[in-house]
Amino acid sequence: MRTAKKTSKKGVPFNLLVVGDAGLGRSAFVNTLCEKPLIKKDNTHFDPSMAASMSPVEIVPYQTDIVLEDGFRISLTVLDTPHFNEAIDNENNFDIILQYLESQYDNVLEEETRIKRNAKFSDERVHALIYFISPTGHGLRELDIELMKRLAPRVNVIPVIAKADSLTAEELKETKKMILDDIAYYHIPVYNFPYDEEEDEEALVSLSKSLRSKMPFAIVSSDRLVEIGGNTIRGRVYPWGVVDVDNPSHSDFLALRSAIFSTHLEDLQSITNNQLYESYRTEKLSASHLAMDSSYNDLSSGNQQDQVLREDRLRAIELSVQREIEEKRRQLLAREEALRALEEKIAASTAAMANTSVSTPPSTENSASQS
Ligand SMILES: Nc1nc2c(ncn2[C@@H]2O[C@H](COP(=O)(O)OP(=O)(O)OP(=O)(O)O)[C@@H](O)[C@H]2O)c(=O)[nH]1
């Protein structure tokens, strides 16, 4: 649960990626989430007959500040993904998103190994990815499985059912079950509000259980204000009635908002930093070391014993890389220190020489006055 100060002036940075097919309501969701028209529509519509020539997915950032009711401030960057799944070949789209996630990790890795840190460095690692699933009434499509499987090792993936108001209560229940079955069957490591029954506070355990039971979240979005019974609500008006976005019996929107902005914000950040980034870092450093290590080939294939040997070796390499970086940093700091001492010495002797020349008149004058 959140422990950061309530009123941090700058706001706690949080980076959120939203991915889903065109027209599934990404923009409406973001605007509902931020309670302002952050993403403005350009009114261009996707034409399936143009799919072969459509441009690949783009990653477009939008920046805003969110202030919660208790004064907690978030400096939010939403990354929208227009043109996702518009082109026939999606392979390229997966790569573009994956490369974006990894390049943020690379930036942090580079910064960590710098001798002198850049005070203005901005950590843009993505803390969560909201993935929009079509409300087809079926389980996951092959595309959904592929995308989540490929990205989940690099980012906390939170699957949601888009436009959930287009399903009846019964269909929604059935759809959630089918999606969860697929997630389990294909071993997709989505973010599942982890908790430890023995270690965590009871309130957190019960909240996490309740959030888990809502997965995948049924989302209804609307930035329209509607008057009903003297109350103004955010909703979608239908001939048969109104869907209230903020009503927990109509959608899971409020539960999701409160989880990502409040109760689980720190957990999402900490998993990004301590697990996802750490494993990327280990892979990256090991890979660069292994490239230089020809004996690796002898161990890369073979039986379980070889596998254990290989893992031990990877761990040893990771440790040795860390030691090398630490040693280099120590040496450079020592050199800097020695230089500083030398500069101080020079400055002191220059000052001493200047003092001597002021207090002792030139010898020629001395001899002239004596004569
Ligand atoms: N029924 C229903 N319609 C929605 C919902 N959210 C958005 N819509 C509608 O779906 C249409 C597309 O919504 P957008 O938010 O523009 O979708 P998008 O995913 O950003 O679309 P692109 O920008 O084209 O990729 C609009 O007419 C929205 O009003 C929802 O929760 N339920």
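What percentage of the residues in the protein do buried residues make up? I found that buried residues make up 38% of the 371 residues, where buried means under 20% relative accessible area, exposed means over 50%, and partly exposed lies in between, with a 1.4 Å probe and protein chains only.

Before going on, I noted that this is a predicted model, in which local features need pLDDT of at least 70 and side-chain atom pairs count only at pLDDT 80 or more, while totals for chains, interfaces and linings use all residues. Residues are numbered from 1 along each chain as its sequence is written, and side-chain values use heavy atoms, with hydrogens and water left out.

**Entry: the whole protein**

I looked up the secondary structure and found 10 helices and nine strands; these are DSSP runs numbered from the N terminus, helices being H or I with at least four residues and strands being E with at least two. The accessible surface of the protein comes to about 21,500 Å², and 53% of it belongs to carbon and sulfur atoms, the areas coming from the Shrake-Rupley method with a 1.4 Å probe and, for residues, with only the protein chains shown counting as cover. I then turned to contacts, meaning heavy atoms within 4.5 Å: of those with a separation of 6 or more, 72% are between residues 24 or more positions apart.

**Entry: the ligand**

Which residues come nearest to the ligand? Of the 16 residues around the ligand, I listed Ser27, Ala28, Lys41, Asp165 and Ser221 as the nearest, a residue being near if one of its heavy atoms lies within 4 Å. By class, the shell has six nonpolar, four polar and six charged residues; here Ala, Val, Leu, Ile, Met, Phe, Trp, Tyr, Cys and Pro count as nonpolar, Asp, Glu, Lys and Arg as charged, and the others, Gly among them, as polar.

I went on to the polar contacts, which are pairs of N or O atoms within 3.5 Å; within protein, one must be able to donate a hydrogen and the other to accept it, and residues adjacent in sequence count only if both atoms are side-chain atoms. A polar backbone atom of Leu24 is 3.3 Å from an oxygen atom of the ligand, and a polar backbone atom of Gly25 is 3.0 Å from an oxygen atom of the ligand. With Lys163 the polar atom belongs to the side chain, and it lies 3.0 Å from a ligand oxygen. Taken alone the ligand exposes 650 Å², and the protein buries 73% of that.

The elements that give two or more residues to this shell are helix H1 (26-34) and strand E8 (231-238), and H1 gives the most, with three residues.

**Entry: helix H1**

Is H1 mostly covered or mostly open? I found it mostly covered, with eight of its nine residues buried, among them Arg26, Phe29 and Cys34. The buried residues of H1 pack against strands E1 (12-19), E2 (60-67), E3 (73-80), E4 (128-133) and E8, and against helix H6 (253-263). Just after H1, Glu35 takes a positive phi of about 55°.

**Entry: salt bridges**

How many salt bridges does the structure hold? I noted 19, a salt bridge being a side-chain nitrogen of Lys or Arg within 4 Å of a carboxyl oxygen of Asp or Glu. One of them joins the side chains of Arg73 and Asp65 at 3.2 Å, N to O; Arg73 is partly exposed at 28% relative accessibility, and Asp65 is partly exposed at 32%.

Another joins Glu146 and Arg150 at 4.0 Å, and both residues lie in helix H3 (residues 142-151), four residues apart, about one turn of the helix. An α-helix has 3.6 residues a turn, so residues three or four places apart point the same way.

Lys209 is partly exposed at 37%, whereas Glu197 counts as exposed at 52%. I also found Asp21, Arg141 and Asp144 linked in a network of salt bridges.
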